[in-house]
Protein chains: 2
Amino acid sequence: MDLSERQLQILQAIITDYVENAEPVGSRSIAKKYDLGVSPATIRNEMSDLEEMGYLTHPHTSAGRVPSDKAYRLYVNNLMKRKNLSAKDKKMINDRLSASRDEFDRTIRHAAELLSEITQLASFAMTPAANEETISFIRLMHVDDRTLILMIVSESGNVTNTTLRLNCDCTQEMLELLSKNMTVNYKGRTLDDVLKSEIIEDVGTDIEAMNQLRGSVMPSFMRTLEDMLNVNLYMEGMTNIFNLPEYSSIDRARDFMELFAQKDWFTQKMLARDEGVVVTIGEENESLKDCTLITATYHVDGKMVGKIGVIGPTRMKYDEITSIMEYLTNNLSETFKLTDGSSGDGTEDR
Amino acid sequence: MDLSERQLQILQAIITDYVENAEPVGSRSIAKKYDLGVSPATIRNEMSDLEEMGYLTHPHTSAGRVPSDKAYRLYVNNLMKRKNLSAKDKKMINDRLSASRDEFDRTIRHAAELLSEITQLASFAMTPAANEETISFIRLMHVDDRTLILMIVSESGNVTNTTLRLNCDCTQEMLELLSKNMTVNYKGRTLDDVLKSEIIEDVGTDIEAMNQLRGSVMPSFMRTLEDMLNVNLYMEGMTNIFNLPEYSSIDRARDFMELFAQKDWFTQKMLARDEGVVVTIGEENESLKDCTLITATYHVDGKMVGKIGVIGPTRMKYDEITSIMEYLTNNLSETFKLTDGSSGDGTEDR
DNA sequence: TGTTAGCACTCGATGAGTTAGAGTGCTAAT
DNA sequence: ATTAGCACTCTAACTCATCGAGTGCTAACA
């Protein structure tokens with residue numbers, strides 16, 4: 001059943017007012033503040049209908065109305081309009097992101113900081129998942145007879161390394177041989193693919209020492225690949241939520257904070273979300289049943305996908321926040337476009 | 001002015017009781033629970049004296065007494081006895097630390113987790129400061145004509161790398177030459193030393209291309225050195241404090257959480273603390289005026305110093321917690337002793 | 001002189017009772 | 001269909017009385 005134009009107007013007014021003031025909205029204040037040309041009594045009737053349809057709730061008989069998750073959903077899908085960012089916010093984003101342009105992780109973290117500063121909510125940013133990254137080469141470097149550095153380089157320029165201590169001696173030549181062998185085996189394959197595959201036994205030689213070396217190196221190799229898959233998660237502004245009336249009770253605040261203490265769990269949840277700006281409201285979330293979670297994605301080299309997000313009560317400025325996140329992710333994607341090497345000091349760290 | 005034996009007994013009883021129950025302690029309950037052989041009236045008189053001397057305070061006239069910072073300080077310095085860890089805690093520490101033995105950062109993080117689980121307070125762990133680490137060698141690896149990997153290896157086996165994009169071409173030979181040159185210049189010097197020193201201009205050649213390459217690489221080299229100096233800080237169990245009556249008000253809880261949102265600031269503070277088990281109580285802390293902070297240090301290769309710490313209200317079980325931290329840091333130092341390479345799967349990641 | 005019993009006094013916590021005000025829901029008039 | 005009017009509901013805020021834990025003082029006691 002569709003809502004009438006007037007019902008939509010009233011609903012929008014209630015949402016606007018409630019988002020602003022965090023207090024149940026009465027018919028009288030709607031009639032006064034928003035010029036709908038009808039009396040409070042009429043609004044009351046409409047409110048009653050809206051409540052019956054599940055768009056509003058009632059904390060108790062003699063209180064005003066509060067928008068339900070369903071109302072916010074309707075608002076986000078149909079009612080709200082993109083907001084233009086204030087010049088101040090735009091400037092802040094541009095300045096702060098470009099200041100950290102040449103260091104990847106720092107830029108991501110700054111994005112999260114910005115997001116929480118502007119929205120005054122809790123926010124996070126994640127580096128892209130590397131599952132689809134492909135291996136470029138593997139190198140084992142001789143440090144001393146029992147120590148070597150294992151280095152894995154991906155085709156997008158990601159480098160990870162580990163220092164290994166062996167309990168058998170190894171020579172420079174052995175390491176070079178094994179490097180070559182591993183590179184031949186794994187070059188061009190994705191990390192995911194390699195991790196799932198059987199460990200290749202063939203070293204291309206049957207010299208006992210080589211096999212022993214391989215046996216020592218492979219477990220660390222796999223573990224290092226796993227490390228490369230780990231996305232970094234930066235959370236910022238968690239304490240902002242203390243300023244919101246929704247979290248004025250210790251229990252609510254505790255629940256909120258505890259959720260984000262489980263970083264691994266949270267990361268998995270966020271990785272599973274779709275690309276683009278995604279809004280999940282209240283009950284739509286598995287946990288966080290009284291929070292809204294908004295995520296957006298940015299791209300690196302036009303390909304890999306990282307995420308930023310905002311977490312707050314369902315009562316939030318959906319229009320502003322989604323606009324900010326869109327602007328911010330566009331900006332990030334632009335920053336991380338494959339460069340032609342003509343910017344800054346001539347170097348670009350990753 | 002020294003305290004009499006009986007005053008010490010009473011003070012100790014009050015501290016024990018207050019630490020346990022978080023409520024002002026009255027003379028009657030002391031007389032009942034702790035067999036001091038004197039009546040409540042006598043205890044009242046002593047309490048009054050202790051208050052005059054600054055060891056106790058009074059929330060209001062008709063409430064019991066609460067230990068002051070000064071009382072806790074006396075307790076920590078003179079009264080408390082080391083506690084033996086429970087077999088359960090010992091087992092937990094041994095099991096959980098050895099499970100992550102071969103990955104340095106993970107072990108550190110697990111130590112923080114353990115500490116917060118056992119103490120039910122907020123805790124942290126920091127990797128060692130690398131200021132005194134010395135450089136072993138520097139290598140520049142050719143990826144393609146405009147991309148290279150910069151790798152810095154310290155003598156203790158720490159490796160850091162950065163991928164650089166150049167805006168001029170470079171050849172394999174050029175990179176090898178520069179690697180050698182840089183290694184000769186910096187080998188054996190500490191990171192601190194190198195960072196403070198002037199950038200060396202002499203590349204050992206006056207070929208223009210080499211100078212240009214050097215100019216591109218050096219800023220990233222310095223930045224990467226700075227990265228190596230950064231200690232990692234892991235914080236765990238921040239939400240534990242919500243369970244304490246001290247933080248049942250939102251404002252207190254907020255203040256607490258906000259302090260730890262400033263990780264950089266916190267890291268600096270912690271780095272400045274002395275080695276060994278250090279307890280700072282209430283006003284003794286610059287910030288955190290109503291918290292107690294206990295830190296302890298562990299050693300890596302018997303040399304570099306990392307820290308773990310516990311943060312909670314001044315009302316905490318000083319005897320248990322210091323004992324746990326002593327045990328835990330000893331265990332960590334043992335774990336990170338220079339190995340003879342005969343453990344585990346024959347490899348050891350760092 | 002140190003210790004103790006006794007007692008008046010203080011002060012926060014608790015709970016009951018009251019009131020004010022915001023807001024609804026219904027009815028009847030427009 | 002809309003609206004004015006009004007009775008009704010419910011919470012928040014306030015007051016007031018009571019309770020009880022605990023002190024501090026005094027006087028008696030060993």
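A polar contact is a pair of N or O atoms within 3.5 Å; within protein, one atom must be able to donate a hydrogen and the other to accept it, and residues adjacent in sequence count only if both atoms are side-chain atoms. The views below come from a predicted model, in which local features need pLDDT of at least 70 and side-chain atom pairs count only at pLDDT 80 or more, while totals for chains, interfaces and linings use all residues. Residues are numbered from 1 along each chain as its sequence is written, chains are lettered from A and ligands numbered from 1 in the order in which they are written, and side-chain values use heavy atoms, with hydrogens and water left out.

**View 1. Surroundings of DNA strand D.** A side-chain N or O atom of B:Ser27 lies 2.8 Å from a phosphate oxygen of DNA strand D. Helices (H or I, at least four residues) and strands (E, at least two) are DSSP runs, numbered from the N terminus. In total, 21 residues surround DNA strand D, where near means that a heavy atom of the residue lies within 4 Å.

**View 2. Surroundings of DNA strand C.** DNA strand C is surrounded by 22 residues, and the closest are A:Ser27, B:Arg6, B:Thr42, B:Thr61 and B:Ser62. Of the atoms of DNA strand C that come within 4 Å of the protein, 73% belong to sugar and phosphate. B:Thr42 places a polar side-chain atom 2.3 Å from a phosphate oxygen, whereas a polar side-chain atom of B:Ser62 is 3.0 Å from a base oxygen. The largest share of this surface, four residues, comes from H3(B).

**View 3. The second largest pocket.** This pocket has a volume of about 450 Å³ and is lined by 21 residues, with A:Arg139, A:Glu176, B:Arg139, B:Met141 and B:Gln172 nearest its centre. Strand S4 (135–144) and helix H7 (172–186) of both chain A and chain B each give two or more residues to the lining, and H7(B) gives the most, with six. A pocket is an open set of points on a 1 Å grid over the protein atoms alone where a 1.4 Å probe fits, with protein on both sides within 12 Å along at least five of seven lines; lining residues have an atom within 4 Å of a point. Grid points are joined across faces, edges and corners, and the volume is the space filled by probe spheres set on the points.

**View 4. Helix H11 of chain B.** Within this helix (residues 263–271), B:Phe266, B:Thr267 and B:Met270 are buried. Their directions from the axis fall within an arc of 100°, so they line one face of H11(B); the directions run from the helix axis to the C-beta atoms. B:Asp264 and B:Gln268 are exposed on the other side. Buried means under 20% relative accessible area and exposed over 50% (1.4 Å probe, protein chains only).

**View 5. B:Ser156 and its contact.** B:Ser156 lies in the loop between strands S5 (147–154) and S6 (159–165) of chain B. Its relative accessibility is 16%, so B:Ser156 counts as buried. A polar contact of 2.3 Å joins its side chain to that of B:Glu133.
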